[in-house]
Amino acid sequence: MARNTSLHFRVVEARDLPAKDVSGTSDPYCIIKVDNEVVARTATVWRNLNPFWGEEYTLHLPMGFHNLSFYLLDEDTIGHDDVIGKVSLSREHISSHPRGIDSWINLSRVDPNEEVQGEISLELQILKEAHRRVLCCHVLEARDLAPRDISGTSDPFARVLWNGQVLETAIIKKTRFPHWGEVLEFVLEEETVGGGAPLTVEVWDWDMVGKNDFLGRVEFSLDALQKAPLKGWYRLLPFPSAEEDAGGKLGALRLRVRLAEDRILPSRYYQPLIDLLVESVLRPPEEKDDVTPLAVLEEVCSVESRQDVATKLVKIFLGQGLVVPFLDYLNLHEVSRTMDPNTLFRSNSLASKSMEQFMKVVGMPYLHAVLKLIINRIFEEKKYVELDPCKIEPSRTRRISFKSSLSEAQIRDSSLEVLKRYLCDIMESIVGSLPKCPHTMRVAFKKLHGHVEDRFPEAENQDAKYVAISGFLFLRFFAPAILTPKLFNLRDQHADPQTSRTLLLLAKAVQSIGNLGLQLGRGKEQWMEPLHPFILSSIGQVKDFLDRLIDVDSENEASENQSWTPFHPSATIKEGYLQKRKAEGLHLVSRFTFKKRYFWLSNETLSYSRSPDWQVRTSIPVQRICAVERVDENAFQQSHMMQISTRDQGGQLSTMYIQCKNINELNQWLSAIRKVTISNECMLPFCHPGAFRGNRWTCCLQTDRTVRGCSRTHSAVTLGDWSDPLDPDTEAQMVYRQLLLGRDKLREKCVESASKGTTLEQGRGAQEGTSDHRITAAARLLEVIQDLEQAHNAFEHQEEEERVAASPAPQP
């Protein structure tokens, strides 16, 4: 049994931001922190006070968290970026919204006294001496303190306050991991029993000039110390603040946040639920009016959660090797209840969402192979393209011609040629991509094609079978990726306004091609008409491509009977150029100690060489990696660095330092390496976030090279993406949670069935093999979630008993 905490957040957009630049605008972006550790950075939206990002992230955390914060900044090419404001959400606040938060939240001002982080190690006790009692505070050490100095470190000291008295430790220079080891004592008066002044421990950064900077505080009641001594690590907290936001003066941020905190039970507890879901696929209803568990699941889930449910179901059935029968069941159900082929898959049904998520999980490498080179070229060429007469800006035509200004007609003609050239390349790449398309996708499309052809055999509906497939492949896969490449990991940054307009026009054209030109001339955008001949000429090409796409043998498809994995063990999961630090360059200037190397990561090895084509590679077995962590900036005076610690066959520990180009690349590499090492037994619980230089660690200033690390490692903190390994228990737990939220609807369906003589006891009989068509799927699902709920309660009770037995002493 394990605990799983997943934090899903989407930075949607902002509004009414203050202007930070002389131009009267801002260049806003968001930094997202979990407990003061940066986990993501959105792209910058240039010259916009109402920016849209739409960037979505999933963070898997091993032991939970305390706060999720969104910092909005204005990017400046010269000097430091301006802080606009922040939104901070506590874990308790997010947990109080089981269906998630989706709202506009006013930005609050950033108060330095609230920007604290880290923990402090203390031993507190009351000693009885001959004629007095002494309150002893043993200040041991602190870790992960906030950097307050320009060097990326602090000069911390601790201050202990009680009953108007103040004692201080020594100042430890240039570290975020100070070791004090000092005992500070207060003499207690005889009448002091409890309920008086609390004991407060504060941490400050000493400054020679100006006032000291606050680093955090922790408070204890004397009542707790009277009962038993306290010892441990305590989280530093900010000063209490009454201000919640700036009343909208700094603008607002629209966020979607959802927390999933689950206890993952052993697999056997989820098997009845998975069996019910699989039964819907392998044993479809014998009668038209029979309802399956999958159909009931769709009814009880909210529309907002349907996408998450679809993602989990796709992964469950991929793990079962039944994803094609699963999609076939949903698609057949959807096609059967659709009366008009023009409305087929137009709603956000479980079928449409499942197909959409299936393409993302299985087809993302295919998408990149088809579009990445073309998208990169569009970004690099930065062509000025416009067809709408109302939006043509002659002042920008200098990018097209330096000789003279172009007329609107010339601009439209030039734009048309550029668009046709891009579209021609896109269509050639798509129709020539047959060998790259995953076999499983082709089989799913073949079955969908057959169902639509059977449902709408009329001559006037002969294109419906093509539109059903192209509606997913073109309208929900290729076109959205062209429109916003950042959201499909095709680019690291959002497009600038000029390139974004080009992508929009291309996406519109690809949508029209995917619709087989059925909507041409019916919209308001008549200025798109010059592209209509190209669109119409591409329709035959698309039909021929779709015919060849579904020309595949589905009877002997091996993947339907085997569990699916995203990668072969030796396949490359992530690759790219990184800066590797030379181990022998200890006395060189930092920039000369880093060499550009090309890295490859697979489930078996981490390799690197001088270039992708270089014949000689250095390879590190993944099994030997025992830590992959961030590196403090002050270690080498370089940002966005990580360290990979490995242990050789003789047990010797060595560390390789690597620099990434930005924070997102750093997080992606950290996450990718952690995923492939998740089952390594040699993972270290502690590490040094600094480097051993000048005969001491730059982080904690210890002079022993072999001393235990001063900071905890984060080996289980990963970013979720399409390449996540399958975890059927976690996926089933999420489906159970959704059923639990819809339990009232399940009970209503059971009451309806009771009037027809269906009982819960009969549901138990059906699971034991009794055949009774009156047994409802709702009753059987209700029984399964009741059993799961009982199992969760039993494990929770057991954990509570173990916790009480292990720590009988009162806690603060």
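Of the 812 residues in the protein chain, 51% are buried, where buried means under 20% relative accessible area, exposed over 50%, and partly exposed in between (1.4 Å probe, protein chains only). The model is predicted: local features need pLDDT of at least 70 and side-chain atom pairs count only at pLDDT 80 or more, while totals for chains, interfaces and linings use all residues. Residues are numbered from 1 along each chain as its sequence is written, and side-chain values use heavy atoms, with hydrogens and water left out.

The protein chain holds 18 helices and 28 strands; helices (H or I, at least four residues) and strands (E, at least two) are DSSP runs numbered from the N terminus. Its accessible surface is about 39200 Å², and carbon and sulfur atoms account for 48% of that; such areas come from the Shrake-Rupley method with a 1.4 Å probe, and for residues only the protein chains shown count as cover. Among contacts in the protein chain with a separation of 6 or more, 68% are between residues 24 or more positions apart, a contact being heavy atoms within 4.5 Å.

The strands come next. Strands of a sheet pair through backbone hydrogen bonds, either parallel or antiparallel. Here, two strands are taken to pair if DSSP finds at least two bridges between them. Five strands form an open sheet in the order S7-S16-S1-S4-S28, with antiparallel pairing. Strand S7 (101-106) and strand S28 (718-719) are its edge strands, each pairing on one side only. Strand S4 (residues 52-61) meets S28 in the antiparallel sense over two bridges, and His60 has Thr718 in S28 as its bridge partner.

Elsewhere, strand S10 (residues 156-162) and strand S11 (residues 165-168) pair in the antiparallel sense over four bridges. Arg159 has Glu168 in S11 as its bridge partner. Two residues separate S10 and S11 in this hairpin, and Asn163 in the turn has a positive phi of about 55°.

Arg217 lies in strand S14 (residues 213-220). With 15% relative accessibility, Arg217 counts as buried. Its side chain makes a polar contact of 3.3 Å with the side chain of Glu219. A polar contact is a pair of N or O atoms within 3.5 Å; within protein, one must be able to donate a hydrogen and the other to accept it, and residues adjacent in sequence count only if both atoms are side-chain atoms. Beyond its neighbours within four places in sequence, Arg217 is in contact with residues including Thr200, Glu202, Arg235 and Phe239.

The nonpolar interior can be followed from its cores. A nonpolar core is a set of buried Ala, Val, Leu, Ile, Met, Phe, Trp, Tyr and Cys residues joined through side-chain atoms within 4.5 Å. The largest core has 122 residues, of which Leu313, Phe317, Leu371, Phe445, Leu473 and Phe478 touch the most other members. Helix H7 (residues 350-381) gives the most to this core, with 16 residues. A second, separate core of 32 residues includes Ile32, Trp53, Leu61 and Phe70. Leaving out residues up to four places away in sequence, Phe445 touches Met355, Met359, Ile469, Phe472, Leu473, Leu549 and Ile550.

The side chain of Ser352 reaches the backbone oxygen of Ser347 at 2.8 Å. Asn331, in helix H6 (residues 323-336), counts as buried at 2% relative accessibility. Not counting residues up to four places away in sequence, Asn331 touches Phe345, Ala351, Met355 and Leu448.

Aromatic rings are the last topic. The whole structure has 18 aromatic pairs; rings of Phe, Tyr and Trp (its six-membered ring) pair if their centres lie within 6.5 Å, and planes under 30 degrees apart count as stacked, over 60 as edge-to-face and the rest as tilted. Phe474 and Phe478 form an edge-to-face pair, 5.7 Å centre to centre with 80° between the planes. Because they are four residues apart in helix H10 (residues 464-483), Phe474 and Phe478 are separated by about one helical turn. The rings of Phe636 and Tyr657 have centres 5.0 Å apart and planes at 70°, so this pair is edge-to-face. Phe636 lies in helix H13 (residues 633-636) and Tyr657 in strand S23 (residues 653-659), so the pair ties together parts that are 21 residues apart in sequence.
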